[in-house]
Amino acid sequence: MFAVLSAGIACSPASTDQQTTLRLWAMGREGEVVSQLVPAFEREHPGIKVDVQQIPWSAAHEKLLTAFVGDATPDIAMLGNTWVPEFVALDALEPLDQRVAASRDVVRSDYFPGIWSTNVVDGTTYGIPWYVDTRVIFYRTDLLANAGYERMPSTWADWQEAMRRIKSRMGAHQYPLLIPITEWPPVVILGLQAGSPLLRDAGRFGAFSQPQFLKGFDFYVSLFRDGLAPALSGTEISNLYQEFERGNIAMYISGPWQIGEFSSRLPKNMQDKWMTAPLPGVDGPGVSLAGGATLSLFRRSQHKREAWALMEYLSRTDVQVEFHHLTGDLPARRTAWMDSSLAGNRYAAAFREQLERVVPTPQVPEWEQIATKIFEHGERAVRGRQTPKQAMTALDRDVDNLLEKRRWLLSRRSVAAR
C-alpha cells in the first residue's frame with residue numbers, strides 16, 4: 001500500500017500552492033551536505049519541497065527538546081542513535097515497522113543488525129540508520145612489524161603482549177596505545193567484549209560492578225598501570241597526528257572520521273606506515289560500539305507520507321553511496337559498501353568487518369548521563385585513587401540514582417498491566 005502511495009506522490013503534478021513543504025533538521029557537516037541531495041528528490045516528487053535546517057551538534061539536543069515542548073518539531077530529524085530511546089520515551093517519534101515492511105527502498109536485511117537494533121525500542125522501530133560509526137584501531141604498521149607482528153592480534157592476551165614488545169623498544173615517554181581517559185567508549189567496549197550488559201534488570205540498575213564489566217575494566221586499568229598507555233585526558237594531547245608520526249604513539253582507538261584525518265595530516269612518507277584493524281576481543285575478534293546517526297519521523301508531522309518518501313529516498317543504496325562521496329560518512333547499508341570507493345579502500349576494510357560485530361548501548365534515555373559518569377569514575381581508578389572494584393561500585397550507585405525515575409515508571413506500568 002505504501003509503495004502505491006509513494007508512487008502516487010511521485011507522479012502528482014502540483015502548483016506552488018499545492019506543494020507540501022517538509023522540514024528536515026540535520027546536524028553538523030551532514031546538515032550542509034544533505035541539501036545537495038534534495039534537488040533530485042524534489043524532481044522525483046514535484047509536489048514536495050524540502051526545507052533543510054542545519055543545526056550545530058552542540059545545540060541540537062536542546063533545540064529538539066525545546067521544539068517538542070513547543071509543539072514545533074520538524075517532520076524528520078537526524079538523531080544520534082543513542083538519542084532515539086529518549087525521544088521514544090517522550091512519545092515524540094512515529095513507529096516505522098509497517099512502513100518498513102511495505103517499502104521497496106528500506107530493506108531491513110541489508111542493514112548491519114547491530115546498527116539497526118539501535119533504532120528498536122521495546123520491539124518497535126523508530127528510526128532508519130542513515131550513516132554508521134564504530135571504533136577500530138589505527139596503528140603504525142612498522143612499529144608492530146618491528147615487534148614481530150605482521151598484523152594486529154585478535155585476542156586481548158596477544159594484543160597486550162604485542163604492546164609490551166613495542167614498549168620495550170620505546171623511550172620513557174613513548175607509549176604503544178593512546179586512550180584518552182576522558183573518553184567513555186573504550187571502557188564500554190571492553191566491558192561489552194567481556195559480556196557485560198552494562199545495565200541489569202531491564203535497564204533499572206547499573207551492572208558495572210558485576211564480574212563481566214569488572215573483567216573488561218581491570219584490563220583497561222592494567223594498560224595504564226603497566227605503562228602501555230599514558231594517563232592523559234583529551235585536552236592534554238596537543239597533536240595526535242604529530243605524536244603518531246614521531247612514533248610516540250603506536251596505536252589509537254577511534255572512528256571512521258580519522259581515515260580522512262590520518263590521510264591528510266600525516267606526511268607522504270608515512271602513508272604506507274599506518275593501517276586500521278578490528279578490535280581484539282577476549283578470546284578472538286571483539287565487538288565494538290554501534291554508533292551513527294538515524295533518520296526519524298516525528299509523530300506530530302502533518303505530512304507523514306511525504307516525509308516517509310524522503311526517508312526512503314535518502315535510504316536508497318545509490319543515494320547512500322552519493323552521501324558517502326560527499327561526506328566520507330560510512331553507509332548503513334551493506335550493498336552500498338560494494339561501491340569501489342569503499343570496497344577498494346584498504347583503511348575502510350576494518351570498519352566493514354567490525355560493523356558485523358557491533359553492539360548498541362542500553363536503550364534508556366539516561367544513557368548520555370551514564371556515559372559521562374563512566375569516564376569520571378574510570379579516571380579515579382586509572383589515577384590510583386580507587387581500586388577498580390571501588391570505582392565501579394561507586395559508578396553503580398550514581399547510575400542507580402540516575403535510573404530512579406525509570407524504575408518508578410516501569411513499576412507503574414507493571415501495576416497498570418495487571
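Buried means under 20% relative accessible area, with a 1.4 Å probe and protein chains only. The list is Phe213, Leu214, Gly216, Phe217, Phe219, Tyr220, Val221, Ser222, Leu223 and Phe224. What covers these residues? The cover includes helix H8, strand E8, helix H9, H17 and H18. Helices here are DSSP runs of H or I with at least four residues, strands are E runs of at least two, and both are numbered from the N terminus.

A quick word on the source. This is a predicted model, where local features need pLDDT of at least 70, side-chain atom pairs count only at pLDDT 80 or more, and totals for chains, interfaces and linings use all residues. Residues are numbered from 1 along each chain as its sequence is written, and side-chain values use heavy atoms, leaving out hydrogens and water.

Back to H10. Just after H10, Gly227 takes a positive phi of about 75°.

Two residues other than glycine also have positive phi. Asp91 has a phi near 60°. Asp91 sits in the loop between helix H4 and helix H5. Asp201 has a phi of about 55°. Its loop lies between strand E9 and strand E10. Partly exposed lies between the buried limit and exposed, which is over 50%.

Notes: Contact = heavy atoms within 4.5 Å.
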